[in-house]
Amino acid sequence: MKIDKIDSDKYNVKINKDEENDENISEEELVEKNSERYNLEEENPMLDYGNIGSSEDIEVPPLLIDQVIGHEESVETIKKAAKQRRNVLLIGDPGVGKSMIAKGMAELLPPEVLQDILVYPNAEDNNNPLIRPVPAGDGKKIVMASKHNEKGYGEKKTLITVFLIIGVMALGFVYNQILIALLACLFIFFISMQIKPQNISMGPKLLVSNGEKRFAPFVDGTGAHAGALLGDVRHDPYQSGGLGTPAHERVESGMIHKANRGVLYIDEIGTMSMKTQQELLSAMQEKKYSITGQSENSSGAMVHTQAVPCDFVLVASGNIQVLEGMHIAMRSRIRGYGYEVFMKDSMDDTEENRKKLIQFVAQEIKNDGRIPHFNPEALDEIIKEAKRRAGKKDALTLKLRDLGGLVRAAGDVAKEEGAKYVTSEHVVTAKKYSRTLEQQIADRSIVQRKEYAVFHPTGGKIGMVNGLSVIGDRSGLMLPIAAEAAPAQSTREGKIIATGKLGEIAKESVQNVSALIKKHTGTDISQYDIHVQFLQTYDGVEGDSASVSIAAAVISAIEEIPADQTVALTGSLSVRGDVLPIGGATSKIEAAAEAGIKKVIIPRSNMKDVMIEKKYEEEVEIIPVDTLSDVLENILIEGSKKSKLVEKMKAIGTAVTKVPEGVNNSYNTPNKS
């Protein structure tokens, strides 16, 4: 039965026209045949929403720790750490929820009695103020009582001073000595200002206040300098002559003291100086830390308080590189008396996890408070975007800070239009506004390279191929690669010379290409000096995902066979010529489509990761490959030279894979039988 047209609207990618017109194939067989190549899937709703009419109907948990999405193991560890007051080191990519978990931990800490901390002057040593912890709320009462006494004394002193001045002026008028009376009034006023009773100057200062806190304090010390973190004493230029501020009034608490009996959170802890990390470690061990002036040139350096309580739980975080700058003793302390947690950047694509994602959307709307709720179609679009950003078909991204940006952008679009609910169209529109800087740079780069003829998505060229790369997390970029083969200058061997600001891995991948070319084409490249140029790679090239592109460009140059410029390609090569998977397949394909490319060659193992947007599905054909031979068959332009090369490669491949006599085919060891 001839199939006039496949219902391609219910699939993500249009079916190949030649296969579609085949009379001997059913629709089911056609879909199954193309499902691997095009990653077809029916356009069904992401979830059965049931009675959920919008995100407004989704319940948001009251506790912050229950709002953490996709990190069940990490949450369980945090709960154990909170129960026993253990320190924690969280390692993971930015935006996966490290700070949210730390805040949630503060709500889980045991309900201990919080404290206020007062600092008093020391009558015996002015530079050694006294510290007094009191129950939370009492500190404010003590300070207010002291100020009330001071206020009463001040009112009495003012009243007496006024009566004295009036009396002196009256006597001046009686005896006609106005000038002397004025001088006497000024003297009385000056003496009055200098008189301060002992009990008033001994009034305390409230250093740390926890009177109105329901939960244990949470203090974010990320990026804090030493004074803000450890406490400081303000400089006083008028300390001599009795005109200065008392030492205890100049004492300022640090974040470690404000976090007493709570959580101190420090992100990117490895960027903190070693000296500050050492002081922080001392505070962790002793659970108290004296406050002194941090600057040696300040008068505050003379002041040294009694030890101030700082019994905090440290939650440190960062990416894996942060461990290089972390004090070895501090990490040992956390590992020995706490937990190290590695946080995932994706979760399995299951119905349960999709429900967690729409809960996340509801949380973001509630926290923002300025955007409309999402209808089910918009929620579906967010789930699809989470799948795309995960980079794997069977996963959902956990980089929810970035996804939250898309939620807010879609809400802004709907708000501007005056819509009651956010729709899928609003989400699609918001993607344009919420593009990362890398995506904007990539888009502009494609336009510029087209304009200045760096690549042409038409025709064929010898030694020129369209590679693909990724900048940032998910921004694809065209990577034109040119190769030129010239007779070797040395009689002993040729050279491969690569330019374009290459990193170490990229340089190694270029060197590996020479062995592959000789093995698969039979051409001895030692007779050539081969120049490989990565065009307009101002920011450099790193990684081995351009190995396939380099090999194709070099073979095209040596064999003088044009490469199809309507094709772009990406993939890593093993030394055996197998095409290995790479990262960012979806972003690379979309970048190729934006550039006008008609076909994209990718490793077959990456097909399960491809989730291109609907607008690109009919613009580009995706070709999965397994070997270098597959690559060349799809990128080199048909002709007698290509036919001879392919025949030669097949012959060489047969010779290489043929098992010699006396060799066990199963174990590849000599047959001793």
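This report describes salt bridges, nonpolar cores and a few surface features of one structure.

The model is a predicted one, in which local features need pLDDT of at least 70 and side-chain atom pairs count only at pLDDT 80 or more, while totals for chains, interfaces and linings use all residues. Residues are numbered from 1 along each chain as its sequence is written, and side-chain values use heavy atoms, with hydrogens and water left out.

**Salt bridges**

The structure holds 25 salt bridges, a salt bridge being a side-chain nitrogen of Lys or Arg within 4 Å of a carboxyl oxygen of Asp or Glu. Three of them are listed here.

| Pair | Closest N to O distance |
|---|---|
| Lys387 and Asp349 | 2.7 Å |
| Asp626 and Arg604 | 3.0 Å |

Lys387 forms its salt bridge with Asp349; since Lys387 lies in helix α13 (residues 376-390) and Asp349 in the loop between β13 (346-348) and α12 (351-368), the pair ties together parts that are 38 residues apart in sequence. Helices (H or I, at least four residues) and strands (E, at least two) are DSSP runs, numbered from the N terminus. Both Lys387 and Asp349 are buried, where buried means under 20% relative accessible area, exposed means over 50%, and partly exposed lies in between (1.4 Å probe, protein chains only).

Lys356 and Glu352 are four residues apart in helix α12, so about one helical turn separates them. Is each of these two partners buried or exposed? Lys356 counts as buried, at 17% relative accessibility, whereas Glu352 is exposed, with a relative accessible area of 53%.

Asp626 forms a salt bridge with Arg604. Because Asp626 lies in the loop between β27 (621-625) and α20 (628-635), and Arg604 in the loop between β26 (599-603) and β27, this pair ties together parts that are 22 residues apart in sequence. Asp626 is partly exposed at 36% relative accessible area, and Arg604 is partly exposed at 30%. Elsewhere, salt bridges that share partners join Glu381, Glu385, Arg388, Arg389, Lys431, Glu590 and Glu613 into one network.

**Nonpolar cores**

A nonpolar core is a set of buried Ala, Val, Leu, Ile, Met, Phe, Trp, Tyr and Cys residues joined through side-chain atoms within 4.5 Å. The largest has 38 residues, of which Ile481, Val631 and Ile635 touch the most other members. Among the elements that give two or more residues to this core are β19 (475-487), α17 (504-521), β21 (528-534) and α18 (547-559), and α18 gives the most, with nine residues. Leaving aside neighbours within four places in sequence, Ile481 is in contact (heavy atoms within 4.5 Å) with residues including Met464, Val465, Val532, Phe534 and Ile550. Apart from this core lies another, of 33 residues, among them Ile58, Val60, Leu396 and Leu406.

**Exposed residues and an annotated span**

Val174 has its place in helix α5 (residues 138-174) and is exposed, with a relative accessible area of 63%. The UniProt annotation "transmembrane region", from an unreviewed entry, covers residues 159-192; such annotations may be inferred rather than shown by experiment, and the positions are given in the numbering used here, with feature names shortened. In the model, this span is 91% helix and 0% strand, and its end C-alpha atoms lie 11 Å apart.

Ile328, found in helix α11 (residues 328-337), counts as exposed at 70% relative accessibility. The C-alpha atoms of Ile328 and Gln277 are separated by 9.9 Å, although these residues are 51 residues apart along the chain.
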